[in-house]
Amino acid sequence: MASLSKNKIKYIHSLEQKKIRKEERVFLAEGPKLVGDLLEHFPCRFLAATSLWLQKHTDIHANELVEVSQEELSRASLLKTPQQVLAIFEQPHYTLNPEVARHSLCLALDDVQDPGNLGTIIRLADWFGIEHIICSQNTVDVYNPKTVQATMGGIARVKVHYTSLPDFIRSLGDDTPVFGTFLDGKNMYEQPLSTTGLIVMGNEGNGIGQEVETLINRKLYIPNYPQGQETSESLNVAIATAVICAEFRRQAAWK
């Protein structure tokens, strides 16, 4: 079993850069829970762990396996408090078919910028049984280490695609419901919500872009309580996604 070289530490740190991740087709994950989840789903190119973690996990499939001290792990880790294990996984390749939005409920993200928000939305999708998230080209990279950590393992079960959102929505045809949240939308608690279709969530500062907005055929509004009372200007996009997904699934349970 090799030791952790300076070059390897440098390489691990380089995976903070999207360009390197894209060239290498890999991503970094850290911590027992996350790495444990992902080992079952993605080929592992490299894994570094403390002897304590390795004693508990004797059947590890990784191209390269390194036992490290806590100090070595701290030098390699991108976290403030390193947790026993880090691993480099191969990025999966998914094919996007419009049929997924015709036969199941999917999320679409229009230029979401914050890695933590994207990771939390993936985690929410995992919780609510949403298997596909379609992202605009300008949405933050799903393999950003902060995003991967925030998914809490959801990245293993939710397929994230990047494409032109307007083109994708147009490909769905007129019969597929495309939902989006707007201040001038209809109260979502008073609307019939479908079990299939697309829920579009917008950018943190600007909401849903104009080109995508013109393609949305069901505009929703999350009302504050009590209605009409002065309140925050908007909800965080991940929180808004949780509120919306919960109502879609609540209604589906009664159908």
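Q: Buried means under 20% relative accessible area, exposed over 50%, and partly exposed in between. In this predicted model, which of these terms describes Gln-84?
A: Gln-84 is placed in the loop between α5 and β4. Its relative accessible area is 25%. Since buried requires under 20% and exposed over 50%, the term for Gln-84 is partly exposed.

Q: What is the phi of Gln-84?
A: Most residues other than glycine have a negative phi. Gln-84 is not a glycine, yet its phi is positive. The value is about 65 degrees.

Q: In which loop is Asp-111 found?
A: Asp-111 is another residue that is not a glycine and has a positive phi, of about 65 degrees. With a relative accessible area of 24%, Asp-111 is partly exposed. Its loop is the one between β5 and α7 (115-127).

Q: Is Asn-144 buried or exposed?
A: Asn-144 belongs to the loop between β6 (132-135) and α8 (145-150). Beyond its neighbours within four places in sequence, Asn-144 is in contact with Arg-21 and Pro-115. Its relative accessibility is 16%, which is under the 20% limit. Asn-144 therefore counts as buried.

Q: Which residue of β6 stands opposite Ala-108?
A: Strands β5 (residues 105-109) and β6 run parallel and are joined by three bridges. In a regular strand the side chains alternate between the two faces of the sheet. Both faces of β6 are covered, with His-132 and Ile-134 buried on one side and Ile-133 and Cys-135 buried on the other. The residue of β6 opposite Ala-108 is Ile-134.

Q: Which residues of helix α1 (residues 6-14) are buried?
A: In an α-helix, residues three or four places apart point the same way. The buried residues of α1 pack against several elements, including α2 (18-24), β1 (26-30) and β2 (44-49). Those buried residues are Lys-8, Ile-9, Ile-12 and Ser-14.

Q: Which element gives the most to the largest nonpolar core?
A: This core has 49 residues, and Leu-38, Leu-47, Phe-89, Leu-107 and Ile-133 have the most contacts inside it. Leu-47 touches, among others, Val-35, Trp-53, Ile-60 and Val-85. The element that gives the most to the core, with six residues, is α11.

Q: How many residues make up the second, separate core?
A: This second core is separate and includes Ala-101 and Leu-165. Phe-168 and Val-200 are also among its members. The number of residues is 16.

Q: Which element supplies the largest share of the lining of the largest pocket?
A: The largest pocket holds about 780 Å³ of space and is lined by 24 residues, with Thr-181, Leu-183, Glu-233, Ser-234 and Leu-235 nearest its centre. By class, its lining has 10 nonpolar, 12 polar and two charged residues. Both β8 (178-187) and α11 (237-253) supply at least two residues of the lining. The largest share, three residues, comes from β8.

Q: Which element gives the largest share of the lining of the second largest pocket?
A: The second largest pocket has a volume of about 470 Å³. Its lining has 16 residues, and the closest to its centre are Arg-25, Gln-91, Asp-141, Tyr-143 and Tyr-162. The elements that give two or more residues to this lining are α2 and β7 (159-162). The largest share, three residues, comes from β7.

Terms used
Residues numbered from 1 in each chain as written. Predicted model: local features only at pLDDT ≥ 70, side-chain atom pairs only at ≥ 80, totals over all residues. Heavy atoms only, no water. Helix = DSSP H or I, 4+ residues; strand = E, 2+ residues; numbered from the N terminus. Buried < 20%, exposed > 50% of the residue type's maximum accessible area, 1.4 Å probe, protein only. Contact = heavy atoms within 4.5 Å. 1 Å grid on protein atoms, 1.4 Å probe; cavity = no way out; pocket = protein on both sides within 12 Å on 5 of 7 lines; lining within 4 Å. Points joined across faces, edges and corners; volume = space filled by probe spheres on them. Nonpolar A, V, L, I, M, F, W, Y, C, P; charged D, E, K, R; others polar. Core = buried A, V, L, I, M, F, W, Y, C linked by side-chain atoms within 4.5 Å. Pairing = 2+ DSSP bridges.
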